Amino acid sequence: MKRKLVMIGNGMAGVSFVEQLLKLNPHRYEVTIIGAEPHPNYNRIMLSSVLAGDASMQDIILNDWDWYRDNDITLHYGQAAERIDAVNQLVTTDKGIEVKYDELVLATGSLPFMLPLPGADKEGVIAFRDIKDCETMIDASKNYRKAVVIGGGLLGLEAARGLVNLKMDVSVVHIFDCLMERQLDPTASKLLQGELESQGMNFLLEKQSDSIIGKKRVAGLKFKDGTHVDADLIVMAVGIKPNVQLAKDCGIEVNRGIVVNDYLQTNIPNIYAVGECAEHRGIAYGLVAPLYEQGAILAKKLAGVESEGYQGSVVSTKLKVSGVNVFSAGRFTDEPGTQALRIQDGLDGVYKKVVFEKGKVVGAVLFGDTSDSSRLFSLIRSGEDFSGREKEVLFGPSGGGGKPASTTDLVMAMSGDEIVCGCNGVTKDTITEAIMEKGCVSIAEIKACTKASGGCGGCKPLVEAILTTTLGADNVAAVKEGICGCTAMSRDEVVDAITRMRLTTTKEVMHVLEWNNPEGCSKCRPALNYYLGMAFPEEHEDELESRFVNERNHANIQKDGTFSVVPRIYGGVTTPEDLKKIAVVAEKYHVPLVKITGGQRIDLLGVKKEDLPGMWKDLDMPSGYAYGKALRTVKTCVGSTFCRFGTQDSIKMGIDLEKKFERLNTPHKVKLAVSGCPRNCAEATIKDLGVVAIDGGWELYIAGNGGTRVRAADLLVKVKTEEEVLDWTGAYLQYYRETANFGERTSEWAQRIGLDTIKQALESKEDRDGYNSRIDKTLDLMKDPWQQIIENDELSRAFDALIAPADPQAASSGRE
Amino acid sequence: MNEVIVGHISEFPERRGRVFRYGELELALFKLSDGEVKAVENSCPHKQGKLSEGIVCDHHVYCPLHDWKIDLQDGIVQAPDDGCVATYPVHVDAGGNVVLQINTAHSKVS
């Protein structure tokens, strides 16, 4: 009969342990898990991403409900274990369920530490620990503006970042004079503070909280020095404490955490503790990597596999706060007997510090550039002696500027059961096995196969190094990730080869650049077709067979295989004649749905493919390109034509822009808008390019987005005349066309290459003229596609289906 | 089994699907770059996407709706997805006619 294994706690450390146990010995136990939260196991580390809007709740689930079912695990969720009866080996929950156990694992995690301030029970005072806290913060951001985070540590800054992204005014209160003082030295801490301040966070350092003021809901926070700050929401993120109450009640030895030995055993037989609730050799860990290491040891113990036990972990912190990379590990403060090597580059905002003791690396801090983090962390763990050549650690063997010892060597030194991906608990062995036995040859494949690098992505360099080491240096090039699975070449390499060798067809590109698949795939073919057209607008003949369905048919495919038709309505301005024409066409072709689009046009949905050319002919209007990676709409407000606030003729500006740039192919869709005054009714600041009229001129905003990830546009330039608006817009669009990856919106592109790079590229009139002459050449070649198709029988025939000929034999034998 | 002339090879642009309706049956036909013509049921097993609108690479077609990759030779969906679509034998005769072999019981021609 199977032994009964019961685990209290349904979090990352505990469930990872169960996963490892099932791998080692799937049939030994009947597993029951008791979890207080009403969710399956999720990635608590990613809660800040949920707050930041980068991930949904669904995205951070690590083991969904099916996983429990598929592995025959009984899950009692939404209820807390209330009592352990160690004599009769029985656990009772607060809903009255009793579960017998042969082995019991406590994975109760930790509780947020709430400061016992007067007023801490008011509405709007919360911790930052679980999904519910996230939901509270998201709700609060809808109705309130001022948020205060108490605690300038890792957790506090992540909460603050999320709240800033939720558009709240955020102040971070910290008792010390340096942020993240446990992970950073003062220099890095001040650099971080400066960066976060520039992103809109406010800091109140060396402040001791005294009491929380307000009536029913919090109104502010008072400090011991008599000052105070207004607050509609207070998030306490001052730390966590191991959740030990249950263990304590049943007589298990508890110190700060539940005391365990090297095999995670408590002092009571058959009861173990793992994760944040456990204290091993005096340390209760709060980061995920050590907890997974503990889980692995416990899994071996309970699966009956020998191991040398848990020896404690060297911890490292690697995080990204609002785009700033920060890393620290080991003993990084200047202690007696240690020496430090420091580099500070104020130009690029990079700071590196490596601490040595007797020639060995014992700690490191990196700010701005954390590419050395995996290597340094391995050096700390390996204890390699660098006596007399300490500088090689940062500068390489040449002592200055050369390449440092490669990550590859250090990957070799890693033990197989060492965890590489902290988010998903993937060991080096698992990754090596995926490469050797399952044939993974890229990071993407390893991710799909093992989940490594699928969480925060911080371990990517390490995974890459393992891949390189395992497959050998000769295969490195083949392993490099290209624009798709057919090649290892990057976008820039491909475009460079196209221009350099004057390649003009996708077939030629794939042949010359030695594609793995002779005819490419659905990802690279449209991309190559675009790059070719961009590089050689005159020579390249557009390849319909390399176009995505919508661009090939000049209509948008719908889920049932029908299409939609959106005629061009310049600047959203139409006439009674055009409206009548659209109405007549809609009736003639029995269009099931007529809808006004978000871009001020009319969408005719549910059209059969065969009807498209006929409709276009009857409409006799230009294509709106609502289906393409191309210029879509130019949304306008009424402007000075009628509006009493309008400062400029936004309608005319919008129509001029649309007439000039219509039919332009771009790496991804491009939406424009023109507003006639700063009230911005055309929502120009969430467009790829938005123009806002001001008294006596125009402001040009770029790289905004109102889609999946809302991004407010950045001001590019202020100009005086309409000609200048066209000049800057043309140069900007062409620069985007020439430098963006296919399928990359301006918002992603601008964040990748940097706003300053764009500004610099467009700064001089001479450069802008260059871009404009190239975009004009492209625009001159473009013709209206609907017109072209209806004028060309061969093109329009492609829209018809083939029908079975009236074959008497087929007809008679087919009749049933 | 019945032989039906679907059309002339000149009506098939390379690597661009054409729809053929036969009673209630709807097929997608493709002329590959080696000149061969393939016919499959015009419905992706995933969400019934029109395969005739997909991008063709060698002897595979990618469904336009969610990019499932289907082998036109045997109709089998490629990993990581799985499933299959019905395939129909096709040949091009000496006169350039594209001839489809089809079991007429499939179709309800009236």
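Tutor: Let's start with the cavities: the count of those of 30 Å³ or more comes to 1 in this predicted model. A cavity here is a set of points on a 1 Å grid, laid over the protein atoms alone, where a 1.4 Å probe fits but cannot get out. Rolling a probe the size of a water molecule over the atoms shows where empty space is left. The largest cavity holds about 30 Å³ of space, a volume being the space filled by probe spheres set on the points, which are joined across faces, edges and corners. Its lining (residues with an atom within 4 Å of a point) takes in A:His554, A:Ala555 and A:Asn556, then A:Ser564, A:Val565 and A:Val566, and finally A:Ala626, A:Tyr627 and A:Trp786. Sort that lining by type and you get 6 nonpolar residues, 3 polar and no charged. For that sorting, Ala, Val, Leu, Ile, Met, Phe, Trp, Tyr, Cys and Pro are nonpolar, Asp, Glu, Lys and Arg are charged, and the others, Gly among them, are polar.

A quick word on bookkeeping. Residues are numbered from 1 along each chain as its sequence is written, while chains are lettered from A and ligands numbered from 1 in the order in which they are written. Because the model is predicted, local features need pLDDT of at least 70 and side-chain atom pairs pLDDT 80 or more, with totals for chains, interfaces and linings using all residues, and side-chain values use heavy atoms, leaving out hydrogens and water.

Now the chains. Of the 816 residues in chain A, 52% are buried, where buried means under 20% relative accessible area, exposed over 50% and partly exposed in between, using a 1.4 Å probe and protein chains only. Take the chain A contacts (heavy atoms within 4.5 Å) between residues at least 6 apart in sequence: 61% of them join residues at least 24 apart. Chain B has 110 residues, 52% of them buried, and contains 0 helices and 10 strands. In chain B, 40% of the contacts between residues at least 6 apart join residues at least 24 apart. B:Gln48 lies in the loop between strand 4 (37-41) and strand 5 (55-57) of chain B, and its phi is near 60°, a positive value in a residue other than glycine.

Back in chain A, look at a pair of helices. Helix 1 (residues 12-24) packs against helix 8 (residues 288-303) at an angle of about 40°, their axes 8 Å apart. The axes are lines fitted to C-alpha atoms over the stretch in contact, and angles run from 0 to 180 degrees between N-to-C directions. This crossing is right-handed, meaning the near helix is turned clockwise from the far one by less than a right angle. Among the residues that meet are A:Phe17 and A:Leu21 from helix 1, and A:Tyr292 and A:Leu298 from helix 8. The contact comprises 13 nonpolar residues, 3 polar and 1 charged.

A:Tyr292 turns up again as one of the residues touched by A:Ile419, along with A:Ala289 and A:Glu293, leaving out residues up to four places away in sequence. A:Ile419 sits in strand 26 (residues 419-421) and counts as buried because its relative accessible area is 10%. Its C-alpha is 8.7 Å from that of A:Pro290, 129 residues apart along the chain.

A:Arg129, between strand 9 (125-127) and helix 4 (131-143), is buried because its relative accessibility is 14%. Beyond its neighbours within four places in sequence, A:Arg129 contacts residues including A:Tyr42, A:Arg44 and A:Glu276. A:Lys167, between helix 5 (154-165) and strand 11 (169-173), is exposed, since its relative accessible area is 69%. Phi of A:Lys167 is near 70°, again positive in a residue other than glycine.

One more buried loop residue is A:Phe386, at 5% relative accessibility, between helix 9 (373-382) and helix 10 (392-395). Setting aside neighbours within four places, A:Phe386 contacts A:Phe356, A:Gly359, A:Val361, A:Leu379 and A:Val393.

Note on methods. On a 1 Å grid over the protein atoms alone, a cavity is a set of points where a 1.4 Å probe fits but cannot get out, and a pocket is an open set with protein on both sides within 12 Å along at least five of seven lines; lining residues have an atom within 4 Å of a point. Helices (H or I, at least four residues) and strands (E, at least two) are DSSP runs, numbered from the N terminus.
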